[in-house]
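Thank you all for making time this morning. I would like to take you through one structure, part by part, and I will begin with a term that we need before looking at any single pair of residues.

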Amino acid sequence: MSGILSTTGMSSIILTAFKQTLYMVFWSTLFSVVLGFIPAIIMTLTAPDGLKPNKIVYEILSFIVNVFRSFPFIILLVILIPFTRMVVGKSIGTTAAIVPLTISAIPYIARVFETSLRETNPGVIEAARSFGASNFQILIHVYVKESIPRMLNGIILLVISLIGYSAMAGTVGGGGVGDIAIRYGYQQYKTEYLIVCSVILIAFVQAIQMLGNYMYKKMS
Amino acid sequence: MIQIRNVKKTFNKTEVLKGINIDIEKGEIFGIIGQSGAGKSTLLRCINGLESYDEGSIVVDDVLVDIKNKKVLRNLQRRMGMIFQGFNLLERLDVYHNIALPMKFWGVPTHTPEAKEKILNLIKLVGLEEKVHSKPRELSGGQKQRVAIARALALDPDFLLCDEATSALDPEITKGILALLQKINKEMGITIIIVTHQMEVVKQVCKKVAFLSGGKVLAVGQPEQLFVWPKEREIREFLREESDKLPATGVNLKLFFYGEGNQRPIVTEMSRELQTNFNICWAKLEDFREDVYGSLVLNMDKKDLEKACAFLDEKNVTWEVIE
């Protein structure tokens, strides 16, 4: 044996897995950010301190978000099988794993976005109102624009936790780096797989976090 | 001109405004002063429709301020620039784009040569030529308020409303901001309404002032009338004047000097003429723009009081016995 990393079998297995991880994380991030933004905006508007306070709408949305956030991911994964089949036509595979990943991420990112948006300085909103800005203008030019760095931070947190969840998605045949670590490293006692996979995940998370910090600085 | 008639507002079952009547003339700098909770900020926010009022009317140049009539209200708001204690600038926009923001809200182009010239002129007016592309976090408090002033002028308003605009600034910076407000008032003919709890602000720039207390207007007038010899106990308490430091024996007589009055040696003359001594126990000189105004409290024996008052009447000095 000439060193673990030169083993062609292993490097190609892990490379494929890494691509799968990227694929799952990328699409689930994109879908959940787009879909989570909508309830976040509605909650921001209808919150007690919002532009159009509406207790009923806010409480209902808030309740739904809490319910979905308190589901353990592994259970959500199983419950969602019929839904996943409806959406992508199958319930196993990397693409299929995107559905539960997205569903679990939407309430999370919705809450993160809502918190980010509501941290906007109320004085600035008042100033905009005093100049005759419409609610829509305030939403876009004040709430959203001022919150972009905070929301970006939230997205970075989301990506990192999705990397973690994508390892569990291996259970429904999603593949990915985490799945390799479990199947080869743990179940087949190939410790080198466990080590390499862990190192890759650590490096990946570090890189994402560094990129996030850099962008936050640039944007704020 | 702004006419405020019998304006009342209740907030969470507390009466915040209890029938306010004020007239603000075009082109003047009008102060609204009072302690925290007097209702002065609420009143200002009612004037430009940030808050509604329950009763009465606020009429700005013949247009009723009505929060329900959104279209009319927006057009009124366009004519009323506003600045705040916390500056309220957008953190992610630079000086230029902060100032351009109200124009954006009104669909006025902000990148045409004319718009650029206008915004740069505003930046020049407030003296921030060096900071055109700085973000608010790179600016000091005074500079931030200057940006806010330029922003409030971006839509060529007829009124500038200032809500405790200098309360977060130190005295030197405050002076600079007030000088800028005076310049704007003089050169651009903009009516300025200043809400503040700082006497210095009213003294330095206001032509007229209303003293608010507990949601009521206690007095309206020129600042020198209101604050050099305040008849209202609450105003005196606000000014934290002679009240508790005066001797308990004898009688305390307060003299007021207005303009040239302080040029005359009244006290020494009186002492010589009445052949008695006084204890000067409190005095204040106020520098009101060109003139000096003052007041003085003398402590004397009860028997001298009548003669002293007669003497002062003869010399045309205003006086008051403090109980």
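When I say that two strands pair, I mean that DSSP finds at least two bridges between them. With that in mind, and remembering that this is a predicted model, let us look at chain B, where B:I32 stands opposite B:V195 in β8(B). That position belongs to the pairing of strand β3, residues 29-33 of chain B, with β8(B), which runs in the parallel sense over five bridges. Strand β7 of chain B, residues 159-163, also pairs with β8(B) in the parallel sense, again over five bridges, and here B:C162 has B:I194 as its bridge partner.

How many of the residues of β8(B) are buried? The strand, which covers residues 191-196, is mostly covered, with six of its six residues buried. B:T191, B:I193 and B:V195 point one way from the strand, whereas B:I192, B:I194 and B:T196 point the other way, and all are buried.

Let me turn to another part of chain B, an open sheet of four strands with antiparallel pairing, in the order β12-β13-β11-β14. Because β12 (279-288) and β14 (318-322) of chain B stand at the edges and each have a single partner strand, one side of each is left without a neighbour in the sheet. From one strand to the next, the twist averages 15°. Within this sheet, β11(B), residues 251-257, pairs with β14(B) in the antiparallel sense over five bridges, and B:K254 stands opposite B:E320 in β14(B). Helix α11 of chain B, residues 302-314, packs on the sheet and touches β11, β13 (291-300) and β14 of chain B, while its direction makes about 15° with that of β11(B).

Finally, the contact between the chains, which takes 16 residues from chain B and 16 residues from chain A. On the side of chain B that touches chain A, at least two residues are supplied by each of α2 (70-78), β6 (80-84) and α3 (95-105) of chain B. Which element gives the largest share of that side? It is α3(B), with four residues.

Note on methods: Residues numbered from 1 in each chain as written. Chains lettered and ligands numbered in written order. Predicted model: local features only at pLDDT ≥ 70, side-chain atom pairs only at ≥ 80, totals over all residues. Contact = placed C-beta atoms within 7 Å. Axes fitted to C-alpha atoms, helices over the stretch in contact; angles between N-to-C directions. Buried ≥ 20, exposed ≤ 12 C-beta atoms within 10 Å, placed from the backbone.
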